[in-house]
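Please read the explanation below with the sequence and the structure side by side. It goes from one site to the next and ends with the protein as a whole.

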Amino acid sequence: MKSFLKKLAACAGTVLFLLGTAFPTGEILTSHADEPITISYSGFSGSYWSVTNADIQLNFSAMGFYFTAFQADLQNIPANLSGSLEYQIYTEGLGWQNWAEKGTIAGTIENQLPMEAVRMRLTGQLESYYDICYTVFQNGVWTPWITNGNDAGMGGTNVGICGIGVAIIKKPIPTGQRILDPSKPMIALTFDDGPNGAVTDRILQSLEANGGKATFFMVGNRVFGGANTASVQKMAQLGCEVGNHTFDHKTLTKIGSAEVRNQLLKANQTIAAAGGVSPVIMRPPGGAKDASVLSVAGNLNMSTILWSIDTLDWKTRNKQKTIDAVLSRAKDGDIVLMHDLYTTTADAAEVIIPALTARGFQLVTVSELAAYRGGMAPGRSYSSFTGGGTA
Ligand code: ZN
């Protein structure tokens, strides 16, 4: 009985709110109707769950009762984004309870011990692109909006929570970076063995016309001469990525670590001299790599990039087969191997680039793909970034 009276007294604040005298503070109460991810949540008080609320709506306990349990879940999480929403509550007399997720009940149903504070956080890739924001009604007032794992409400005060509001908000894009949508598919087209004058230029023109970017793993000794230097400069100017494919197209597993280092360094210097940007990624000719090659690259602060779709364009020299190899398999996180040596590859690229764009793919550089799909580290190799890459 004593406990019930205490609840009744403290939750008089609910009445105040309903009369319109209290609102949470902060800048959350803005429209986000185009937000692709939504949240639903509900609190338990007295003997039933509150109606399930979505996004910013404020959720109240039964009149005269504190919330004693809470559950929440996200909807419309894009399939290519890992992670979930986790929540943790502070239960009167027990302290912080275990983290829960995906609609699992946090708190007490039978014992009905009041919730005194709440924490919520996003995990996985969701955490990188969204903020979770929440407020609770305690002791007659709404707290300010709290974000990303911080405490909303006060634990250990013997004052329960009788209102809760939650919202999930997309983080702002850092200035200076290209705006990419992590919820939409991304793919990295890569071209090896160039630059090669007109062929490289046709690919660059198609990328520019479609707002896409690609990565060019170049052979250092091809960079100077003819129209090739201008190609490297145009790549850099368009925001395409310059990659290292060694200076002489050597098979790196056969030449010893000193020469591997020499091949990589010389190519980096030549590419930087031509285009003003030094590569941070390399692709070993023929894909030939071993622990020693990865280690030498790592010492130069470079990651090794392989591929997940091999078009075999060098072998077939066939426009349609090259197109089919990409369009029949393309999926989020793929790295596509082509060669800007052949006219048939330029012919194919002029179809592939608009076709993938029309399908909703963002054509990104390898470094962009890595940044949005799990990251990459020097000294390791990756053949795709479908949610974390590979060792
Ligand atoms: Zn090659």
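Along the sequence, the residues that donate to the zinc ion follow the spacing D-x51-H-x3-H. They are D193, through OD, and H245 and H249, each through NE2, and these protein donors lie 2.1 Å from the zinc ion. The model shown here is predicted. The two histidines can also be described by their accessibility. H245 has a relative accessible area of 2%, so H245 is buried, the cut-off being under 20%. H249, at 37% relative accessibility, counts as partly exposed.

G194 and P195 are joined by a cis peptide bond, with omega about 5 degrees. Most peptide bonds are trans, and most residues other than glycine have a negative phi. P195 belongs to the loop that runs between strand 16 (186-192) and helix 4 (197-210).

Helix 4 leads on to a helix pair. The axes of helix 4 and helix 10 cross at roughly 10 degrees and come within 9 Å. Angles under 35 degrees count as roughly parallel, and therefore helix 4 and helix 10 are roughly parallel to each other. On the side of helix 4 the contact is made by V199, R202, I203, S206, L207 and N210, and on the side of helix 10 by T343, A346, D347, A349, E350, I353, P354 and T357. By type, the residues of this contact between helix 4 and helix 10 divide into 7 nonpolar, 4 polar and 3 charged. The spacing of such residues can be read against the geometry of a helix. An α-helix has 3.6 residues a turn, so residues three or four places apart point the same way.

A second pair is arranged in another way. At what angle do helix 5 and helix 6 pack? Helix 5 (residues 228-238) and helix 6 (residues 257-275) pack at about 80 degrees, and their axes are 8 Å apart. Angles from 65 to 115 degrees count as roughly perpendicular, and so helix 5 and helix 6 are roughly perpendicular to each other. From helix 5, T229, V232, Q233 and A236 meet I271, A274 and G275 of helix 6. The residues of this contact of helix 5 with helix 6 divide into 4 nonpolar, 3 polar and no charged.

Helix 6 also holds N268. With 8% relative accessibility, N268 counts as buried. What does the side chain of N268 make a polar contact with? Its partner is the side chain of N244, at 2.8 Å. Apart from neighbours within four places in sequence, N268 is in contact with N244, S278, P279 and M302.

At the start of helix 9, a side-chain oxygen of N318 comes to within 2.9 Å of the backbone nitrogen of Q320.

Two asparagines in loops have a backbone angle worth a look. N76 has a positive phi, near 65 degrees, and is not a glycine. N76 sits in the loop between strand 5 (69-75) and strand 6 (85-91), and N76 is exposed, with a relative accessible area of 52%. N139 likewise is not a glycine and has a positive phi, about 55 degrees. The loop that holds N139 lies between strand 11 (130-138) and strand 12 (141-142). N139 is exposed, with a relative accessible area of 59%.

Among the strands, strand 7 (residues 95-96) contains W96. W96 counts as partly exposed, at 27% relative accessibility. Leaving out neighbours within four places in sequence, the residues in contact with W96 are Q88, I89, Y90, A117, V118, R119 and D151. W96 and G156 are 60 residues apart in sequence, while their C-alpha atoms are 10.0 Å apart in space.

The last step is the protein as a whole. It has 11 helices and 24 strands. Of its 391 residues, 51% are buried. Of the contacts between residues at least 6 apart in sequence, 71% join residues at least 24 apart.

How values were computed
Residues numbered from 1 in each chain as written. Predicted model: local features only at pLDDT ≥ 70, side-chain atom pairs only at ≥ 80, totals over all residues. Heavy atoms only, no water. Donors = N, O, S within 2.8 Å, 3.2 Å for Na, K, Ca; no water. Buried < 20%, exposed > 50% of the residue type's maximum accessible area, 1.4 Å probe, protein only. Polar contact = N/O pair within 3.5 Å; in protein donor to acceptor, adjacent residues only side chain to side chain. Helix = DSSP H or I, 4+ residues; strand = E, 2+ residues; numbered from the N terminus. Axes fitted to C-alpha atoms, helices over the stretch in contact; angles between N-to-C directions. Parallel < 35°, antiparallel > 145°, perpendicular 65-115°, else oblique. Contact = heavy atoms within 4.5 Å. Nonpolar A, V, L, I, M, F, W, Y, C, P; charged D, E, K, R; others polar.
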